[in-house]
Each structure stands twice: as structure tokens, then as C-alpha cells.
Amino acid sequence: MPNYEIRYLDFEGACVGTLTTPCASEKDAKVLAHAMRLPGTKRMEVWRGAELIYERPQSQRALAAETARIHAALYAAGA
């Protein structure tokens, strides 16, 4: 199982806590990140190695990339 690092950030962007744990999937890591959320945190990030795989709230760039991915999938499906 791959290791994931979950980072919790405060309102100014400073890291207030981290958790490193093996998870069976990205989905499991995301669920764990929400379940273990620390009080007073504004953001959370889930990392697999050097790759940011999830963040809340999403940055504008990540939101635009996700929207483009959804549109491309809908177009490919003929919607």
C-alpha cells in the first residue's frame, strides 16, 4: 500500500499538523483526511510522494483542471 501524507493548514497557510499513513487507495486517503481534520484548519492537502492528489478547498487552477477533465469526459461520451 502506498503512503499518503495529509497536511492541515491554518488560515495563513502555515502547517498545523501532518499525518502519514498507508492507504489502499486515493479515496481512502481522502476520506481519512476529512475524518481526522484538526479544529481550526482552513485547508487540507493529501500527498502521495511529491504529487498533490487532493486539496480542499480547491485552488482555482485545480478547479479549472477538474472542470476541463469532466467536460472532456462528457464530450468523449457523446453527452
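**Reading the predicted model**

The accessible surface of this predicted protein is about 5,400 Å², and 58% of that surface belongs to carbon and sulfur atoms.

Me: In what order do the elements of the protein run from the N terminus on?
Reply: The secondary structure comes to two helices and four strands. From the N terminus on, the order is β-β-α-β-β-α.

Me: How many residues lie between β1 and β2 in their hairpin?
Reply: β1 and β2, residues 15-22, pair in the antiparallel sense over seven bridges. Y4 stands opposite T21 in β2. In the turn, G13 has a positive phi of about 90°. The number of residues between the two strands is five.

Me: Which element gives the largest share of the largest nonpolar core?
Reply: This core has ten residues in all, including Y4, I6, Y8 and M44. The elements that give two or more residues to the core are β1 (3-9), α1 (26-35), β3 (43-48) and β4 (51-56). The largest share is three residues, and it comes from β1.

Me: Which residues does M44 touch, not counting those up to four places away in sequence?
Reply: M44 is one of the residues of the largest nonpolar core. Contact here means heavy atoms within 4.5 Å. On that basis, M44 touches R7, Y8, A33, H34, R37, Y54, E55 and R56.

Me: What percentage of the residues in the protein is buried?
Reply: A residue is buried if its relative accessible area is under 20%. The protein has 79 residues. Buried residues make up 22%.

Technical notes:
Residues numbered from 1 in each chain as written. Predicted model: local features only at pLDDT ≥ 70, side-chain atom pairs only at ≥ 80, totals over all residues. Heavy atoms only, no water. Core = buried A, V, L, I, M, F, W, Y, C linked by side-chain atoms within 4.5 Å. Buried < 20%, exposed > 50% of the residue type's maximum accessible area, 1.4 Å probe, protein only. Pairing = 2+ DSSP bridges. Areas by Shrake-Rupley, 256 points an atom, 1.4 Å probe, with all protein chains shown as cover.
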